[in-house]
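Here is a short tour of a protein assembly, written for someone who likes the cut-offs next to the values. Have the viewer open as you read.

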Protein chains: 4
Amino acid sequence: MAGSTYGTLFKLSTFGESHGPAIGGVLDGVPAGLLLDLVAIQQELDRRKPGQSAIVTQRKEADEVEFLSGLYQGMTTGTSIGFIIRNTNQRSQDYSEMSKAFRPSHADFTYQQKYGIRDPRGGGRSSARETAVRVVAGAIAKQFLAKEGIVVDAFVDQVGAIKWTGEWNENLRSIRESNPIRVPDSETAIEMEDLIRLVRKEGDTIGGCIRCVINHVPVGLGEPVFDKLHAELGKAMLSINAVKGFTIGSGFDGVTMRGSEHNDIIQTNGITLSNHSGGIQGGISNGMPIDFRVAFKPVATIMQEQPTIDSENQAVSIKGEGRHDPCVVPRAVPIVEAMAAMVLFDFVLRNNAVK
Amino acid sequence: MAGSTYGTLFKLSTFGESHGPAIGGVLDGVPAGLLLDLVAIQQELDRRKPGQSAIVTQRKEADEVEFLSGLYQGMTTGTSIGFIIRNTNQRSQDYSEMSKAFRPSHADFTYQQKYGIRDPRGGGRSSARETAVRVVAGAIAKQFLAKEGIVVDAFVDQVGAIKWTGEWNENLRSIRESNPIRVPDSETAIEMEDLIRLVRKEGDTIGGCIRCVINHVPVGLGEPVFDKLHAELGKAMLSINAVKGFTIGSGFDGVTMRGSEHNDIIQTNGITLSNHSGGIQGGISNGMPIDFRVAFKPVATIMQEQPTIDSENQAVSIKGEGRHDPCVVPRAVPIVEAMAAMVLFDFVLRNNAVK
Amino acid sequence: MAGSTYGTLFKLSTFGESHGPAIGGVLDGVPAGLLLDLVAIQQELDRRKPGQSAIVTQRKEADEVEFLSGLYQGMTTGTSIGFIIRNTNQRSQDYSEMSKAFRPSHADFTYQQKYGIRDPRGGGRSSARETAVRVVAGAIAKQFLAKEGIVVDAFVDQVGAIKWTGEWNENLRSIRESNPIRVPDSETAIEMEDLIRLVRKEGDTIGGCIRCVINHVPVGLGEPVFDKLHAELGKAMLSINAVKGFTIGSGFDGVTMRGSEHNDIIQTNGITLSNHSGGIQGGISNGMPIDFRVAFKPVATIMQEQPTIDSENQAVSIKGEGRHDPCVVPRAVPIVEAMAAMVLFDFVLRNNAVK
Amino acid sequence: MAGSTYGTLFKLSTFGESHGPAIGGVLDGVPAGLLLDLVAIQQELDRRKPGQSAIVTQRKEADEVEFLSGLYQGMTTGTSIGFIIRNTNQRSQDYSEMSKAFRPSHADFTYQQKYGIRDPRGGGRSSARETAVRVVAGAIAKQFLAKEGIVVDAFVDQVGAIKWTGEWNENLRSIRESNPIRVPDSETAIEMEDLIRLVRKEGDTIGGCIRCVINHVPVGLGEPVFDKLHAELGKAMLSINAVKGFTIGSGFDGVTMRGSEHNDIIQTNGITLSNHSGGIQGGISNGMPIDFRVAFKPVATIMQEQPTIDSENQAVSIKGEGRHDPCVVPRAVPIVEAMAAMVLFDFVLRNNAVK
């Protein structure tokens with residue numbers, strides 16, 4: 001129960017540090033008989049990988065996944081899928097200073113205190129590199145969801161104070177994929193990109209938001225009481241590095257609303273006039289689009305000198321080295337989609353069980 | 001895995017509908033040898049129970065817990081604690097109309113669709129009455145946390161658009177408990193109370209926010225990757241009825257900040273200058289106060305006529321009957337504390353395991 | 001994870017001591033829409049209850065189950081079923097001596113050492129009374145299995161050295177139920193009964209075996225590797241009080257066989273010529289009857305004086321008081337069936353999930 | 001929940017088929033700060049690997065484990081340990097016939113029926129090759145147990161009808177390791193070896209038994225009710241390929257005993273005069289040696305012609321090809337030890353949690 005496993009029936013167990021030989025996972029509970037589209041899986045990894053555009057970290061990792069089991073002639077066999085991604089572009093020397101001093105607001109301090117030991121290279125287990133493994137599992141989940149018609153789309157809707165407030169539809173997918181921010185609007189993309197470049201120039205970082213819309217969800221996913229669908233989505237999102245907030249539907253805006261205004265009136269076709277519920281009522285999907293937002297704080301590692309302490313509790317100063325993202329949200333879009341897909345498919349399986 | 005169990009080592013399994021004979025639970029993983037303060041447990045139930053003030057639902061439930069096992073001469077024996085709370089003030093006839101029509105934004109529709117059957121009286125399993133069971137388990141968790149010095153305090157900091165933005169300290173506890181809102185400021189309490197009375201008069205409901213501060217947390221609680229401390233807190237909060245959002249530390253405000261501003265500088269005493277992290281870094285507590293906020297939507301059941309559909313998909317109109325809260329946050333304070341206490345103590349046990 | 005929960009999807013959490021106010025459980029993962037036969041559930045409890053014949057303990061417990069949730073108009077709603085059985089015939093004074101001294105081969109010593117405290121009345125949590133809760137859950141599982149055509153039958157096939165070596169068929173059910181031993185042969189029943197009477201007269205106890213045959217099992221239940229069907233059945237049986245051994249199919253007799261003799265030849269109708277496998281191959285049911293045996297040791301509490309130690313490590317002697325079974329197997333038959341039914345139905349649900 | 005994960009706190013998730021690129025696992029819940037003895041881990045693998053003596057399968061697999069994470073400078077970091085073992089000596093052509101026909105008493109038929117697809121090469125996921133992964137995890141568990149003084153020893157005590165009935169002590173370890181059978185008696189080893197050679201010559205296979213003794217176990221390991229220590233040991237053993245039976249302490253021999261004879265009298269030093277309990281009472285260790293036995297059936301794949309059916313339900317005949325063990329018990333000794341060590345250490349962690 002040390003936290004490296006996610007899911008109830010569709011279950012991912014992960015391992016790997018940023019600068020060890022490889023990261024990887026075991027995905028269990030995969031139904032038999034699906035011919036996996038391996039190209040699509042690699043494409044998801046490419047959406048997450050470093051070095052893909054000018055505004056993200058310039059580390060070069062191929063992020064090629066090697067499948068070791070669970071497939072026969074490309075088809076899932078119902079047994080666990082083991083896979084690894086080799087780490088290829090480590091520059092451990094970049095972390096020599098960090099091995100002594102604790103980066104402010106990073107996991108350096110807490111890992112050291114909890115375990116009495118840590119792999120200081122690249123953040124070790126706390127590195128966001130770990131999320132590549134989630135992207136592989138999520139890409140597989142997406143292929144199973146596609147069979148049910150369920151489509152998961154995330155996109156950036158805020159960088160710093162710049163917001164995009166349009167409504168998502170699937171036609172925006174090509175625009176989202178054509179700009180390095182992954183916002184579904186080309187002009188907003190340019191503004192956001194400019195802000196990120198400015199921030200990076202200052203050796204600083206900036207936060208952002210991702211919104212996720214899941215369409216064509218059947219009624220009935222989610223379990224009563226503790227395993228409400230949005231509770232599990234919330235946990236999944238909050239488990240992603242740098243996430244500080246999660247809202248479903250109206251979120252914090254619902255606080256100031258009256259019930260008479262907030263209630264989603266159901267029509268005879270089962271469709272509601274509004275979607276303040278975000279597609280989930282009483283923890284169970286109601287057939288409307290699931291709609292949630294995730295807040296990411298600015299990356300802790302900055303290229304500016306900051307005071308801190310080292311492992312001997314001495315006051316020192318630290319300045320980030322290595323190659324870091326000035327803003328995580330562009331690369332976090334496929335991670336949000338991956339976690340959402342894993343949660344949804346897990347609930348599909350849980351629902352199947354008792355049908 | 002149908003969602004009625006919470007926790008990894010300190011584990012609560014619950015049952016019960018609003019209008020059945022009783023609700024209750026089994027609490028397993030309780031360490032042996034603590035003399036339970038049963039009065040304190042009942043006090044927590046009293047903080048949650050209906051009818052406690054003029055601005056909450058006027059149902060009268062004694063909410064008396066009966067312990068059935070796991071205690072010998074008042075002391076925990078290390079075996080599972082079974083307990084029930086009898087339902088005593090049911091007026092099932094209030095729900096006759098609801099048994100046919102689906103209340104908008106309520107779980108009526110989704111339960112009916114998922115299961116093909118539901119207990120229509122009082123919301124059945126989806127009723128917030130279920131949370132009384134959590135309050136019992138949380139009150140027990142609090143007594144174990146007290147042995148570690150950990151103190152959990154929640155309070156209302158927003159009703160509708162009225163906010164209290166002060167800083168929490170334990171001296172405010174008596175103020176919080178002396179007003180029916182459970183906001184730690186007497187003047188704000190009056191404003192909020194006035195708003196709730198107004199809203200109720202209109203047959204409407206209003207949302208609100210609860211903030212929770214956990215003091216004296218040791219460094220090292222929480223697990224890497226999926227079971228980050230704030231991810232589990234987020235799930236716990238989002239599993240409470242009517243919750244639509246969760247933030248830790250800076251939350252959505254962190255999005256617009258620069259890293260240089262957001263980073264919490266660590267001093268040689270281990271204390272950070274700011275607490276944008278909300279007491280958790282890399283998913284693990286850093287010894288600063290854990291600080292999170294929870295958004296509650298307005299209650300779905302309103303005393304106004306609304307259009308909806310019935311189980312035969314016919315358009316009908318519905319008007320809430322029965323006795324409902326115009327605003328849930330005053331009674332949700334002990335629930336937030338209970339879930340937070342359960343999460344924290346579960347991580348204390350998980351941490352003990354590998355020490 | 002303190003051991004009071006069983007099952008993956010069909011999940012029972014139990015509580016209760018022998019001499020507390022009640023025992024009970026929460027059964028989660030129950031599919032919606034089955035009209036429960038409550039009489040059949042009570043009948044199973046009656047098969048387990050004390051005082052039912054001259055050769056079992058003469059305690060009088062009504063063992064009446066009270067359902068508290070999860071049913072609406074007698075039908076399962078898909079939500080957790082809470083239930084209790086009140087303890088009504090406690091004679092705690094019978095245990096005054098036992099509260100100081102540790103009964104040899106009983107759980108008194110290990111509980112005291114593990115927890116530093118124990119409920120000494122009637123064995124507390126270690127009492128076989130706890131199994132009544134399993135019988136309720138198992139009786140519900142049986143009703144769901146019946147919908148799949150699966151039938152679980154256990155029977156006594158050995159008491160002391162007296163064995164019944166016939167083959168089970170469903171016509172023997174009436175014979176099994178017509179004798180107090182629950183062996184499917186009337187003459188053997190008399191022999192076994194005589195032995196038990198003799199043993200009891202000596203103030204002693206005797207062991208026995210139960211065999212369980214599950215017919216009409218579909219092919220495909222069980223999971224590869226760790227959760228093999230017979231591994232889970234083994235755990236379930238070994239978790240019953242006094243069980244010291246479990247075999248599936250050929251069991252220990254298979255050790256001396258050659259592969260050429262042991263292999264079950266498959267015919268074109270899928271039926272195998274022999275069933276040394278006991279209905280399970282590679283951890284997965286093959287459609288043949290599941291066939292296993294369970295060994296029960298003699299009950300530890302005897303009516304003879306025995307040396308032992310007390311909680312101060314002083315040598316003392318102890319003689320059982322209270323009303324105990326001279327041989328557990330007659331009353332253990334419904335417990336074996338209950339656990340087997342719970343395991344089977346859990347695997348039915350797990351199999352449904354990925355279909 | 002598809003069965004590839006074992007353990008509650010010390011948790012292994014495995015993957016891999018016999019003839020895929022690699023097998024491996026993720027081991028989570030590993031405490032930080034232990035310098036792993038990698039040589040000792042490889043030695044355990046060598047005890048299991050094929051080709052180690054004349055009487056086991058002559059496949060040549062190096063079985064070299066590659067650790068991918070969770071270690072820093074050889075020391076455990078508290079994060080999950082990922083590892084793989086490459087498959088190097090596959091002769092898939094040996095399985096061409098088997099891909100069509102179902103080997104009697106093998107998992108071929110059940111996997112095909114359950115999943116509609118299977119990897120026919122070498123048994124795929126049902127291959128005992130999977131147990132090499134368990135041996136790695138078990139070897140790590142052993143090193144943690146050694147810190148607690150707990151020592152796990154298994155040995156062969158029966159091959160066919162030849163039994164060794166001596167008492168185990170740690171001085172016998174060198175004898176056990178000096179013969180290819182792993183029986184702690186040189187003369188019995190020769191007899192058993194002769195029998196295995198004879199059986200192999202006939203193209204046949206033979207069963208056997210392994211006994212496991214765990215010394216220096218503290219009092220208090222194991223949990224009440226469902227997670228009794230011997231129940232979990234039973235599940236662990238029954239999850240090993242070819243196992244058909246498990247007994248603890250007196251096992252099936254206890255059935256014919258009287259309570260007065262079976263009871264283990266406790267002396268003032270806490271040591272019992274006999275150990276019919278096998279070191280566990282009420283599911284919890286009592287400080288005496290844990291002592292259990294495991295029955296292995298003869299290997300299903302034989303070098304004789306047998307009738308069977310193919311995937312089109314046609315009657316065919318099959319004769320084993322490839323290189324198989326005539327008797328599994330010599331190579332199963334380290335597997336039994338590994339699973340026992342994993343179970344014990346998991347309960348050590350569970351016990352730590354609530355101390």
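## Interfaces, symmetry and salt bridges

Between chain B and chain A, about 7900 Å² of area is buried, and carbon and sulfur atoms give 61% of it. Buried area here is the accessible area (1.4 Å probe) that two parts lose on being put together, summed over both. This is a predicted model, in which local features need pLDDT of at least 70 and side-chain atom pairs count only at pLDDT 80 or more, while totals for chains, interfaces and linings use all residues. Residues are numbered from 1 along each chain as its sequence is written, chains are lettered from A and ligands numbered from 1 in the order in which they are written, and side-chain values use heavy atoms, with hydrogens and water left out.

At that interface, 105 residues of chain B are in contact with 105 residues of chain A, contact meaning heavy atoms within 4.5 Å. The rule finds 8 salt bridges across the interface of chain B and chain A. A salt bridge is a side-chain nitrogen of Lys or Arg within 4 Å of a carboxyl oxygen of Asp or Glu.

How does chain C relate to chain A? A rotation of 180°, with 0.0 Å of shift along its axis, superposes chain C on chain A at an RMSD of 0.0 Å. The two copies are thus related as by a two-fold rotation axis. In chain C, Ala353(C) comes closest to the axis, its C-alpha lying at 2.0 Å. The same surface serves both copies, as 100% of the contact residues of chain C recur in chain A.

Over all chains, the structure holds 120 salt bridges. Here are four of them.

| Pair | N to O distance |
|---|---|
| Arg173(A) and Asp153(A) | 2.8 Å |
| Arg173(A) and Glu170(A) | 3.6 Å |
| Glu337(B) and Arg47(B) | 2.7 Å |
| Lys114(B) and Glu223(A) | 3.5 Å |

Take the pair of Glu337(B) and Arg47(B), whose side chains meet in a salt bridge. Glu337(B) lies in helix α8 (residues 329-353) of chain B and Arg47(B) in helix α1 (residues 38-48) of chain B, so the pair ties together parts that are 290 residues apart in sequence. Helices (H or I, at least four residues) and strands (E, at least two) are DSSP runs, numbered from the N terminus. Glu337(B) is buried at 1% relative accessibility, and Arg47(B) is buried at 9%. The terms are: buried under 20% relative accessible area, exposed over 50%, and partly exposed in between (1.4 Å probe, protein chains only).

In chain A, Asp153(A) is buried at 2%, whereas Arg173(A) is partly exposed at 29% and Glu170(A) is partly exposed at 31%. Salt bridges that share partners join these residues into one network, whose members include Asp153(A), Glu170(A), Arg173(A), Arg47(A) and Glu337(A).

Strands pair if DSSP finds at least two bridges between them; β3 (residues 22-28) and β7 (residues 81-86) of chain C have 6.

Notes. Copies are superposed by least squares on the C-alpha atoms of residues with pLDDT of at least 70 in both.
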